[in-house]
Structure formats: structure tokens, C-alpha cells
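Have the sequence and the 3D view open as you read.

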Amino acid sequence: MFRDVFDCESYSLVNKSLTYGSREAHTLGRRKKDVAQSFGVRSEWDGTPPLKVFQFLRKFAKACDDNDVSEAEAFFMLQDFTKEPLRSEVMSVMPSRHGGNPGEVNSYLELINWMLRYHADEASLAAQVEEFNRATQTPGESERTFAERLRQLNVLCGFIHPQGVIKGRFVEGVHRAARVTVRERNTPSMTLAELARIAQTKGDEYRWIVSDQRREREKEARIAEASRLRRPTRPPPYSRAHPAVAAASCDEVGDTSE
């Protein structure tokens, strides 16, 4: 199921040259700057979360291809787009440039394969896929935020889900107030962002109605409470004493006067 995700060849570069001599070493610094511009400033990865390795490698390969960097150059360049603790781990398996340490990996694709095997395995990837398949919009989460969460989950799944599958999960997982609308409006050409905007509008309408109904109930409760507090307190009803009791009282009065 995950064969393509773990295939290091899928991250190979257009320029497959394996030559790395003094000329390449001399220009490596300048080419790193070019790649950094494409890769993104301060976008180095520290190795967490581990399944982000797929996003990191795709991004690095694209930045190298955009600047015609060869696999030989990328082999010595990749470590500079990591940060601790990952950088030390990468450097520990790399050969030294002066030949003192042969290294555990000796080519760009071997390094990519090491990165994949070091950070990901089929069990953890399968668990991530299961989380994606069960994802639903949570209370307090907007429709657009839910769509973005699905995108990030797909990153951690190694990008195995195409756009249509992500949209399908969004339709099934979005709140029921918007589900019917997005199911009816969804088309193959519509992007996830467009679908999320439609769902957001419908969701906002539903939340406004719920909020308005809650305000009405609270208002009615306040009116009822105020009416109860304004209601006058009635005095206790007058009770006429029983004749026998009244007579006894008169006798007691008579005895006292004697």
C-alpha cells in the first residue's frame, strides 16, 4: 500500500549527475543560497514530527530541481536544511568530504532512503491514515480550519490521498448543518478551498441562528424571573378560631381576673 511513499526514487532529481569535484565544491555555497530561496528561509526541519519527513523531502527535491542542482551536490547540501537534533544524526551517517570517514550512506538516494527509514514505518503511517479516515469537524473548529487540518493530515500520510479523496473526507466529516450543501455543490473541478468557503458560509448561518435562538431563550428567562420578583407577597389568610378554643381563652381570662 505504501510502496511509492517509501520509494526513494520518487524523490530523485532531474539532474542525476554524480560528479562532485573541486568545481562543484567551489560553487556549493552560492548554490545553497539559491536553493534556500526556493526552499524557504528558516524552514529547516529538526526531525519532528517524524512523518513530516515526506513533506521535507518533497520540498527539498523541488527546490533542488528549481535550481538545477545535481544529486551529487544535493547529497552534501541536504544536511544544511536540517537543524538539531536531526543535523547531527544526518552528519553521523555522511562520509567526510576529505575521505576520513566512509559513512553509512554514499549517495543522494541512499541518504533519502535512510531519511525515510529512520523517520517513518508502515505501522505509524497506517495509523496516520486511519486518523485521516476518521477525521470529523470538532466543536469550536471552523470549516476552513477543518479543511486545513485534513491537508496537514495528508502531509503526514505521505501525500497518498489525491485532492478528490481529501474533498470526500471533508464532505463526510463536516458538520451536518453544512454537509448537505457541500455535497450538492461539490464538483470535480472545485478545489478544497472553494468547498471550505461554501461550508464556512453555511456553518456561519447555522451558528448565527443557534446563537439568536439562545439569546431569545435567555431573554425570556430574564423576563420570567423579573415578573416573579415583582409579584406582591400575599399576607397569610385570616383564620377564625374554633368556638371551643375561643371559650377556653375567655375562661382563662376570667380566672386571671379573680
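By class, the residues lining the largest pocket are four nonpolar, six polar and three charged. Please keep in mind that this is a predicted model.

Q: Which residues lie closest to the centre of the largest pocket, and how big is its volume?
A: The volume of the largest pocket is about 180 Å³. Of the 13 residues lining the largest pocket, Gln137, Gly140, Glu141, His175 and Arg207 are the closest to its centre.

Q: What do the helices contribute to the lining of the largest pocket?
A: α9 and α10 each supply at least two residues of that lining. The largest share, three residues, comes from α10.

Q: How do you know which kinds of secondary structure the chain has?
A: The chain has 11 helices and zero strands. Read along the sequence, the pattern is α-α-α-α-α-α-α-α-α-α-α.

Q: Why is aspartate 68 called partly exposed?
A: Buried means under 20% relative accessible area and exposed means over 50%. Aspartate 68 has 49% relative accessibility, so it counts as partly exposed. Aspartate 68 lies in the loop between α2 and α3.

Q: Why is phenylalanine 159 called partly exposed?
A: The relative accessible area of phenylalanine 159 is 27%, and therefore it is partly exposed. Its place is the loop between α7 (143–156) and α8 (163–173).

Q: What makes the phi values of aspartate 68 and phenylalanine 159 worth a look?
A: Most residues other than glycine have a negative phi. Aspartate 68, which is not a glycine, has a positive phi near 55°. Phenylalanine 159 is not a glycine either, and its phi is positive at about 60°.

Q: What describes the packing of α7 and α10?
A: Two packed helices are described by the angle between their axes and the distance between the axes. For α7 and α10 (residues 192–230), the angle is about 145° and the axes are 7 Å apart. On the α7 side, the contact is made by Glu143, Arg144, Ala147 and Arg151. The residues from α10 include Leu192, Ala193, Ala196 and Arg207.

Q: What is the make-up of the contact of α7 with α10 by class?
A: Its residues divide into five nonpolar, two polar and five charged.

Q: Which residues of α8 are buried, and what covers them?
A: The label goes to residues under 20% relative accessible area. In α8 these are Ile166, Lys167, Arg169, Phe170, Val171 and Gly173. Their cover includes α6 (122–134), α7, α9 (176–185) and α10.

Q: What share of the contacts with a separation of 6 or more comes from residues 24 or more positions apart?
A: Such residues account for 69% of those contacts in the chain.

Notes
Residues are numbered from 1 along each chain as its sequence is written. This is a predicted model: local features need pLDDT of at least 70, side-chain atom pairs count only at pLDDT 80 or more; totals for chains, interfaces and linings use all residues. Side-chain values use heavy atoms; hydrogens and water are left out. Helices (H or I, at least four residues) and strands (E, at least two) are DSSP runs, numbered from the N terminus. Buried means under 20% relative accessible area, exposed over 50%, partly exposed in between (1.4 Å probe, protein chains only). Axes are lines fitted to C-alpha atoms, for helices over the stretch in contact, and angles run from 0 to 180 degrees between N-to-C directions. Contact means heavy atoms within 4.5 Å. Ala, Val, Leu, Ile, Met, Phe, Trp, Tyr, Cys and Pro count as nonpolar, Asp, Glu, Lys and Arg as charged, and the others, Gly among them, as polar. On a 1 Å grid over the protein atoms alone, a cavity is a set of points where a 1.4 Å probe fits but cannot get out, and a pocket is an open set with protein on both sides within 12 Å along at least five of seven lines; lining residues have an atom within 4 Å of a point. Grid points are joined across faces, edges and corners, and a volume is the space filled by probe spheres set on the points.
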